Amino acid sequence: MQHGTGKRIAFICAAVLLIAITASLGAALFLRLAGIPESGALFALLPPLAGGCAATLCGIAAWLQMRSAWTKQLREHARTAAQLSSLEENHHQLRRRLAEAERERAHLRKQADSALSDIASRRGEAKFQATFHATPDPIMVVNLHTGLVLDVNESLQRLLARDWGQLLGESLDSLLEWGNGARNRFELMLEREGSVSNLPAVMHDGGGTPHHVLISARHVQLEGFSCAIAIARDISDHHRLQEQLAEKTSLLENVLAHIPYHVFWKDRNSRYLGANELYARNLFNASVNDILGLTDTDLGMSAVLGAAILREEQEVLDTGRPVINAERTIPLHDGRTVIGLVSKVPLLDANGQPQGVLGISADITNLRAYERQLHALLDGLPDMAWIKDAGSVYLAVNQAFADFLHRDPLDVPGRTDEDLWPGELAANQRQSDADAMTRLADLRYDQWLAGAGGVSIWADIIKRPIMEKDASGNTVAVGTVGIARDISQRRAQESRIRMLSEALEQSSVAVVVTDPAGNTVHLNPRYEEITGFTLHELQGRPLPLLADPESSAPVWEALHKGERWRQEIKSPRKDGDDRWLSVSVAPVVDNDGHPANIVLVLEDITEQKRSEEHIRHLAMHDGLTGLPNRRLFMDRLRRSVAMSKRNGVRFAVLFIDLNDFKEINDTLGHEAGDHVLRTVAERLRQSLREVDTCARIGGDEFIVLLHDIRSNEDLAHASERVSAAISTPINLNGTVRVVSGSIGIAVCPDDATDVDQIISHADHAMYRCKRNRRYDSASR
């Protein structure tokens, strides 16, 4: 309509212009023909006038045409604005349908491409799909811009128990639980490098069971989308194995940290690969990390010992034969040595080849010390002595017994009478053991004993049953102790000399014979055992004991006088270990009275010294609780009284008697009663200061010596600590008991200044508490 109007306007303008030009030309021609003079000029003006008119008319026509175009554009803009308003109304709906539109677009494009693809392309797509779904690892295709899943393989569908349609459009984060920071690394690595490998995540299957997976992905362009093909490799079995390995490793580390044994393992060059803390601390005063990669000599062990250990471990590696329960002397970092029962086995690789050595050692120093003490006690007896169990099996014998049977003392334990004595004698021995254990009393009789080598003696035999309390508190015999004293005349001189000669070689004491100048002529094996020096090393050379001018001067002085020299000395062994020796040196003269030889008798009394110290301890302490006994307490009390008289220092004595202790013994047994006494003793010890003394003086009675009592408040606080320590509940095989005590107090010099008076005062005060039933309280 507008276009037709423009045409009409243009046509009118052209007609008007044509009429104007025709009129102008007609007028000009008329004037000219009429002979008017100005007609020529007027005629000359006609073309410009006509041109102006034409231009004006053209301008009007152009304006009208432009106005028509503007009107058309305004109408088009109005229609576009209406369309935009409609699009804005539906924009939020288009956002929700974005994922569906993308999938539809991909599907349509895939159909279009499929329609145009050739047979080879269709075959390649079929192969890809077959491989995609046949892969056992879950695979997913993810749109990197939206994080939505575009495709999944059948393995993922089976794992999650959901079909393809249910998984399509799911977000990646709804299917995976990422490890720490793994999600950010996933996006960052794909953006920077185009691929990512082995990111940890967890994927829950259809039953809710978590599966540990490693995510690997590659950035690809699929149908115009920026996508990632992600593969989830299931490592749940490996993860479980790692957890089990970590659990077992933790268990092994706990075992190694707490077992009372030294454990270590080394490589083929005897360099430490590991050990427990006890081993590293005791041997090298170091941590486990400090010894890794080092050898024993690197860690300060002597070159000789280090070389010996290296040879032993190399032999284990070369032969594959382990060392089992070998007794070794082990030096500790503080200079002490212990006796260890050492075992070493080869460590094998997957091919069964030795790659190192595993070692373990148990400290049996105390066991050997107790054995030595027992043997020292037995060997100290001049008569034959032995110990048997309830089945008449020998547990230990002394050297006299072993000498009589010509056996090593260590060879007898574990044997029976039938192994050692003739048939009838063996039967008599077994029967007498049974009689002593049945009677629970000593048995004494004379017996003809046939020893080894045709030696027979009459012996006065005493057998005493070894008695213990059983679970019911009854006394039972668990073995016997026997002593046999020789009461016969010795055989002929020849037999006696032969026996003495044999005894010299097998004697428990060391015997050395030197020439008059002190050069070694002969020594017995016991000397080698005690000192570490062999006859080969010393023969023809000065004996070390006689070689030092300063220490040997008294010895030579006695020898020159023809006298015997006897002394207990402390002498180092060859390896530097100090030993206590009882040394007897005597000159031997020939028939003319000239010095012919010097005889030295040495006895290792190191264990005896230790035993004496132990016996001194036992003599001054209670055997059940380990507290000082009455004897030691009275000695300390006398010293305190003397110090109080001299310096005026006050001290207190607490006399303690446990209440109703007999009822515990009667109802729960003596073993429970002993447990109560030990527990109370330990609690009393912990409640006191180091300067104070707590002693058990018998039964359920304890006595405490409190030094330096400055005020009655100090005394009250101390007695309250003691009372609280006693009354703390005690668990007796599942039964909780509260033990109370009656406490009597005496203060020196306030109450008494004499030892007996102080004890008497405290004793009476205790009984006042007990009579008044003032349990868990103190009376003065």
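Valine 149 has a relative accessibility of 0% and therefore counts as buried, the cut-off for that class being under 20%. This description rests on a predicted model, and the position of valine 149 within it is in strand β2, which covers residues 149-152. Leucine 168 stands 19 residues from valine 149 in sequence, yet the two C-alpha atoms are 5.6 Å apart in space. Once residues up to four places away in sequence are set aside, valine 149 touches Val141 and Val142 as well as Leu167, Leu168, Gly169, Glu170 and Leu175.

A pair of aromatic rings is described by the distance of the centres and the angle of the planes. The count of aromatic pairs in the model comes to 11, and two of them are set out below.

| Aromatic pair | Centre to centre | Angle between planes | Class |
|---|---|---|---|
| Tryptophan 178 and phenylalanine 186 | 5.2 Å | 45° | tilted |
| Tryptophan 386 and phenylalanine 401 | 5.5 Å | 55° | tilted |

The pair of tryptophan 386 and phenylalanine 401 connects a strand with a helix: tryptophan 386 belongs to strand β12 (residues 384-389) and phenylalanine 401 to helix α14 (residues 399-404), so the pair ties together parts that are 15 residues apart in sequence. Tryptophan 386 is buried, with a relative accessible area of 2%, and phenylalanine 401, at 1% relative accessibility, counts as buried too. Both rings also belong to a cluster in which ring pairs link Trp386, Tyr394, Phe401, Phe404 and Trp421. In the other tabulated pair, tryptophan 178 and phenylalanine 186 are likewise buried.

Aspartate 604 lies in strand β21, which spans residues 595-604, and its side chain makes a polar contact of 3.0 Å with the side chain of arginine 579 and another, of 2.7 Å, with the side chain of threonine 606. Leaving aside neighbours within four places in sequence, the residues in contact with aspartate 604 are Arg526, Ile530, Arg579, Trp580 and Leu581. Tryptophan 580, one of these contacts of aspartate 604, has the charged end of lysine 609 sitting over its ring, 4.7 Å from the ring centre.

Helix α10, made up of residues 277-284, shows how burial can be arranged around an axis. Which residues of α10 are buried? They are Tyr279, Ala280, Leu283 and Phe284, and, seen down the axis of α10, these buried residues fall within an arc of 95°, so they line one face of the helix. The cover over the buried residues of α10 includes strands β7 (262-267), β8 (272-275) and β9 (323-331), together with helix α11 (288-291). After α10 comes asparagine 285, which has a positive phi, near 50°.

For the protein as a whole, the model contains 27 helices and 28 strands, and buried residues make up 36% of its 780 residues. Among contacts with a separation of 6 or more, 47% are between residues 24 or more positions apart. The accessible surface of the protein amounts to about 45700 Å², with carbon and sulfur atoms contributing 55% of that area.

Definitions and conventions: Residues are numbered from 1 along each chain as its sequence is written. This is a predicted model: local features need pLDDT of at least 70, side-chain atom pairs count only at pLDDT 80 or more; totals for chains, interfaces and linings use all residues. Side-chain values use heavy atoms; hydrogens and water are left out. Helices (H or I, at least four residues) and strands (E, at least two) are DSSP runs, numbered from the N terminus. Buried means under 20% relative accessible area, exposed over 50%, partly exposed in between (1.4 Å probe, protein chains only). Contact means heavy atoms within 4.5 Å. Rings of Phe, Tyr and Trp (its six-membered ring) pair if their centres lie within 6.5 Å; planes under 30 degrees apart count as stacked, over 60 as edge-to-face and the rest as tilted. A charge sits over a ring if NZ of Lys or CZ of Arg is within 6 Å of the ring centre and within 35 degrees of the ring normal. A polar contact is a pair of N or O atoms within 3.5 Å; within protein, one must be able to donate a hydrogen and the other to accept it, and residues adjacent in sequence count only if both atoms are side-chain atoms. The arc is that of the directions from the helix axis to the C-beta atoms. Accessible areas come from the Shrake-Rupley method with a 1.4 Å probe; for residues, only the protein chains shown count as cover.
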